[in-house]
Amino acid sequence: MSVATTTASEVVASTLATGKSKDRNVLSIAFLLALWFSLFFGVIVLVALIVDTAIKGSPRFDTELITNFQSVVLPETTGFKAGIVGSIWLMVLTALLAVPLGIMAATYLEEFADNDKWWNRLIEVNLANLAAVPSIVFGLLALAAMSLLGFDRGGVVLGGAIALALLILPVVIITTREAIRAVPRDIRFGSLALGATVWQTTWRQVLPSAIPGIATGTILGLSRAIGEAAPLIVVGFGVSVLFVPDVGVDGLNSPGTSLPNQIFNLANQSREELQTAASAAIIVLLVMILGMNALAIFIRNKFQRSW
Amino acid sequence: MSHALNSAGPSGGTGLRAPINLGKKARPGEAVIKALLLASAVLSVAITVGIVVTLIRPVIDFFQEISVGEFFATDGTYAVLPLIVGTLLVTVIALLLAVPLGLGAAMYLSEYASPRARRWLKPTVELLAGIPSVVYGFFALQFVTPELLQEFLSLQVNFTNSLAAGLVLGVMVLPTIASLAEDAMSAVPQSMRQGSLAMGANRMQTTLRVVFPAALSGIAAAIVLGMSRAVGETMIVTLAAGAQKVWSGDVLEGHQAMTGYIAQTFGGENPVGSTPYNMAFAVALTLFVMTLILNAISMIFVRRFRQVY
C-alpha cells in the first residue's frame, strides 16, 4: 500500500530500501518508543544517581573533605585525604605493574604467536576466562601472592596494587591487541621489505602507531581499577588509616586505604553526617573516573589515526 | 565490554612472518625479547593456575573439618545453599531488568541509529559500566530502597533487600548486554536486511524476524556473560542485599549473596586458617566454578555464532 505512495523524489533520494516508509503504523511506533525507552533508561538512572548523590552530598563540598582524615569523633568535618591519596598512589603502582606486562603479552600474541599452535589457543581461551573472573577472587590471589613475597600482611599498598593489576591485566591485553590489530598489514610489509626484522618492525612501526589505542584502553582499565573496593577488602585494606602513605619504595609496605573503601565503610554507618560525607566523596570519585574516561575519549579522538 | 567477546575465539594474530629468510645473521637479542614476550603471555595462564591453587588449599582444610553435606545444606553456620539462593535471586532480578532493556538498546543502536548517533550513544551507555559498584551499592541503599521502593511504590521492604540490590545490579549489567548484543547484531550481513526489506518488511519486522534470530547465539552469549558479571559482583550485594543468610525466596527481605559472604569474612576479624576463613575460600571456589561454567557456555554460543556466516 505504501509502495504506491512512494514518490519519484523518494526513489531518487534513496536507492536502497530502508524500510522507513513502512514504519508509520501503531505497532512500529510503539516498538520504536520501547527501544528509545531502553536506550535512555540507563541515562535516566545515571542522571538520577548523580543528581541525588550531589544533592545529598552538597553540604560537604568543602576543602575539609579532601584535606582532613576520617574521623568518627567529628563526623561533620570527616575527610578523605588518606583515601584520595591512597587511590592515586595505588593507580600509579597498578599501572606500573599491569601496563608493561599487558603490552608485552599483547605484542607476543599479535605479532609473534602462531595461532595454529595449541598453547597459543590455550592462552587465548584463558584470557577470555580471566576477563570474566569475579574481582573479589583476584583479592584472594593477591593475598596469596603477598605471603609468597614474604609480607606478613596483605593490607599494604603493594598488596592492593597486585590485586588491581591482576584484575586489569586481561583488559589491558585485550585492548592493546585490538590497537595493534588496527595497524594495517601494509605498514608491516613496507618495513619488512626494507630489510627490518620482525622485532624491528614491531618496535619501530607497529607499537608507535598503536600508542593512542593502547593509551585509551589502559586509561579505561585503570578507571575501572580505581573504583574497585571488593578485592581491596579481601586483601585487608583498612579504613582507619589516618596518614598519607609514603610515596616511594617505603610506601609499598605502608597500610593502604582507598576512596572506594572509605565510601564502603561510611555507607554502613548510620550517622547522618557520615552519609552526607560519603555522598560528597562519591562525587569526588565520580569526577576522577569521568575525568579519566574523558581523557581516554580525548586521546582516541585526537590522536587515533584512521588508515 | 565487547573485548571479552572478541578475544574468545582463536581469531586475530596477524601471524606476521618475514617473507624472506632473514636468519642469516644470528640475532640473540631478539630471541631474548621474544622469550620475554612469550613469558608475559604465559603469565596469564599462570594467573589462572595460581587462582585454582590459592583457592584449593584452604578448601581442603575446610572439608577436613566440615563435611560436604554440612556445606551443601540449607541451614547451619557453614551452609552454602542460602548464599547461592541469595546470589541467584539478585541475578534473576538483574536479568529481568537488564535483558529486555539491554536488547532494546542494542536493537536501537544496531538497526535504527545513524552511524554518527551510534558513535555518541554507545559510549554513553557504556559509561554506566564505568560507575564503581560501591557507588551503585550506596545508591541502592540510600535511594532505591527508601525513596523508590518504600516511598514511591509503598512496598514493605526491609532496609536491605534483594529487590533493590537486583534492580541496581540490572542497571550495572545492562551496558554489558547492550554492547555485546549490539556487536552481534551489527555483524549480521547487510544483505539479509536488504532481502527482508525488499520483500516488503518494515524495520521492526526486519529487526525482530531477521536480524534478531540471525544474531541469536551472539545475543545469548551476551546474556550469559552479563549473568556471569552479575553473579560475581560484590559491592552492590554486600551493601544492599544484607548480611543475613536466609533460606527463602522473598525478594522483599535481605539475602546474603556468595560474594557478600566473602567480603564480610575478610572485612571482619577472622584469623587466617580459622573455619569461617576457610569457608570463604570454599565459597569463592564455588563462585569461580560457576562463572567458569557460564563463561564456557558463552564461548560455545560465540563459536556457533561465528560459524553461521
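A:Phe31, A:Trp36, A:Phe40, B:Tyr108 and B:Tyr112 are linked into a cluster by ring pairs. The model is predicted. Over all chains, the structure holds 16 aromatic pairs.

**A pair between chains**

- The ring centres of A:Phe31 and B:Tyr112 are 6.4 Å apart and the planes stand at 55 degrees, so this pair is tilted.
- Because A:Phe31 lies in helix H3 (residues 26-57) of chain A and B:Tyr112 in helix H4 (residues 81-112) of chain B, the pair joins two chains.
- A:Phe31 has a relative accessible area of 13% and is buried; B:Tyr112, with a relative accessible area of 12%, is buried as well.

**A pair in chain B**

- B:Phe62 and B:Phe71 form an edge-to-face aromatic pair, with 5.5 Å from centre to centre and 75 degrees between the planes.
- Both B:Phe62 and B:Phe71 are buried.

**Helix H7 of chain A**

- Helix H7 of chain A covers residues 135-148, and its 14 residues should span 20 Å at 1.5 Å a residue. The end C-alpha atoms of H7(A) are 20 Å apart, which agrees with that expectation.
- Ten of the 14 residues of H7(A) are buried, so that the helix is mostly covered.
- The buried residues of H7(A) include A:Ser135, A:Ile136, A:Val137, A:Phe138 and A:Gly139. Also among them are A:Leu140, A:Leu141, A:Ala142, A:Leu143 and A:Met146.
- A:Gly150 follows H7(A) and has a positive phi, near 95 degrees.

How values were computed
Residues numbered from 1 in each chain as written. Chains lettered and ligands numbered in written order. Predicted model: local features only at pLDDT ≥ 70, side-chain atom pairs only at ≥ 80, totals over all residues. Heavy atoms only, no water. Helix = DSSP H or I, 4+ residues; strand = E, 2+ residues; numbered from the N terminus. Expected span 1.5 Å × (residues − 1). Buried < 20%, exposed > 50% of the residue type's maximum accessible area, 1.4 Å probe, protein only. Phe/Tyr/Trp six-rings, centres within 6.5 Å; stacked < 30°, edge-to-face > 60°.
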